Amino acid sequence: MSIFLIALGLGTTTTFASSHWLLAWVGLEINTLAILPLMAQTHHPRAVEATTKYFLTQATATATMLFAAMTNAWITGQWDITQMSHPLPTVIVTIALCLKIGLAPMHSWLPEVLQGLTLTTGLILSTWQKLAPFALLIQIHPTNPAPLTIMALLSTLIGGWGGLNQTQLRKILAYSSIAHLGWMVLILLFSPSLTILSLATYIIMTTSLFLTFKMNEASSINTLSTSWTKAPALTALAPLLLLSLGGLPPLTGFLPKWLILQELTKQDLPGLATFTALTALLSLYFYLRLSYAMTLTTLPNNTGGMTPWRLPHNQPSLPLAFSSTSSMLLLPLAPAIMAFLLT
């Protein structure tokens, strides 16, 4: 386990530190190969299926990225990541990186893969695995913004729409991830610093939610009804975490959405800002659905049968406490964060 986790960090760090497309490709391959054993560790057929789907998708994306880098080197004679000046390889590498992170319309693998994993591995897939592709997306500066904008708008719409009819928590979190990725990529063309801020807040909020579900051992909406007997205090905070993911003030999740809509308005794009704000309502519906299932429904039970649910757990609570606090209380720091972004 330690070797795989170190390799996972090494692959991402290699991609972060690279200015050459070949080295970035090597980092992404190390990253993919390191997470595959973690995904298949339960030896369940569903986990093996998810691992196979993930491997084929990532291999296709990295091969396409390498093809785009070779095409760019053939046309311009440059292997530097920041020297993607020709529109053809730029569009190809943008599509490849969007496939790696699960941006619509190349999103269909993400809910299926996440459903077959444990919550811990799903957390790594939803957070850490997004860092390296985003580092490359921020560096390439697409010369043609139209494909990226269309994919971002599709992601915000499909991410909200696809999660409406789901009952499995991991699929709901996957569609939540797709919707948030759409917000991040949409503002990437105008303000990369806002993309980094949005990615950081998304990672904090998603980590908190995954750890909450892991502590409650919840896998579907129905199992959330037993949460209050297992961890009453955590169940009381969980709706705030969900509403923070939905982007409601005065919670942390409102901060990136507010700044993104403000930046889109400054760029004379009120139509895009209105559309993305309306698609956020779709996501808010299934967050409210989860909040209702967790706090306002109880498992049919007699009074004596409720006691066994209060079992002691030996999971570390410090990461959950830190991420939960950050997911709800960072909005007052908005002026400091904005000043930091501007500098």
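Which backbone oxygen lies 2.6 Å from a polar atom of the side chain of Thr127? That would be the backbone oxygen of Leu123. Keep in mind as you look around that this is a predicted model. The chain has 16 helices and 0 strands, so let's start with the big picture and then visit a few residues one by one.

**The whole chain**

- A compact globule of 343 residues would have a radius of gyration near 20 Å, and the chain has 20 Å, so the two agree.
- Draw a box along the principal axes, and the C-alpha atoms of the chain fill roughly 75 × 45 × 35 Å.
- Buried residues make up 52% of the 343 in the chain.
- Take the contacts in the chain with a separation of 6 or more: 78% of them come from residues 24 or more positions apart.
- About 14900 Å² of the chain is accessible surface, and carbon and sulfur atoms account for 71% of that.

- Is Gln58 buried or exposed? Gln58 counts as buried because its relative accessibility is 2%, and the cut-off for buried is under 20%.
- The side chain of Gln58 has a polar partner: it makes a polar contact of 2.6 Å with the side chain of Lys100.
- Leaving out residues up to four places away in sequence, Gln58 touches Thr32, Leu99, Lys100 and Trp109.
- Thr52 also lies in helix α3, but Thr52 is partly exposed, with a relative accessible area of 41%.

**Thr127, back to the opening question**

- You'll find Thr127 in the loop between α6 (residues 119-126) and α7 (residues 131-140).
- Although Thr127 sits in a loop, it is buried, with a relative accessible area of 8%.
- A polar atom of the Thr127 side chain lies 2.6 Å from the backbone oxygen of Leu123.
- Thr127 also touches Ile203, Thr206 and Thr207, again not counting residues up to four places away in sequence.

- Ala104 and Pro105 are joined by a cis peptide bond, with omega about 5°.
- Pro105 lies in the loop between α4 (residues 87-101) and α5 (residues 109-115).
- Another cis peptide bond, also with omega about 5°, joins Pro249 and Pro250.
- Pro250 is in the loop between α12 (residues 232-246) and α13 (residues 254-266).
- His43 isn't a glycine, yet its phi is positive, near 60°.
- Look for His43 in the loop between α2 (residues 21-39) and α3; His43 counts as exposed, because its relative accessibility is 68% and the cut-off for exposed is over 50%.
- Asp268 is not a glycine either, and its phi is positive at about 60°.
- The spot for Asp268 is the loop between α13 and α14 (residues 270-295), and at 65% relative accessibility Asp268 counts as exposed.

**Gln267, in the loop between α13 and α14**

- Where does Gln267 lie? Gln267 is in the loop between α13 and α14, the loop that also holds Asp268.
- Gln267 counts as partly exposed, at 35% relative accessibility.
- The side chains of Gln267 and Glu263 are joined by a polar contact of 2.9 Å.
- Gln267 and Phe190 are 77 residues apart along the chain, but their C-alpha atoms are separated by 8.0 Å.

Definitions and conventions. Residues numbered from 1 in each chain as written. Predicted model: local features only at pLDDT ≥ 70, side-chain atom pairs only at ≥ 80, totals over all residues. Heavy atoms only, no water. Buried < 20%, exposed > 50% of the residue type's maximum accessible area, 1.4 Å probe, protein only. Polar contact = N/O pair within 3.5 Å; in protein donor to acceptor, adjacent residues only side chain to side chain. Contact = heavy atoms within 4.5 Å. Helix = DSSP H or I, 4+ residues; strand = E, 2+ residues; numbered from the N terminus. Rg over C-alpha atoms; globule rule 2.2 N^0.38 Å. Areas by Shrake-Rupley, 256 points an atom, 1.4 Å probe, with all protein chains shown as cover.
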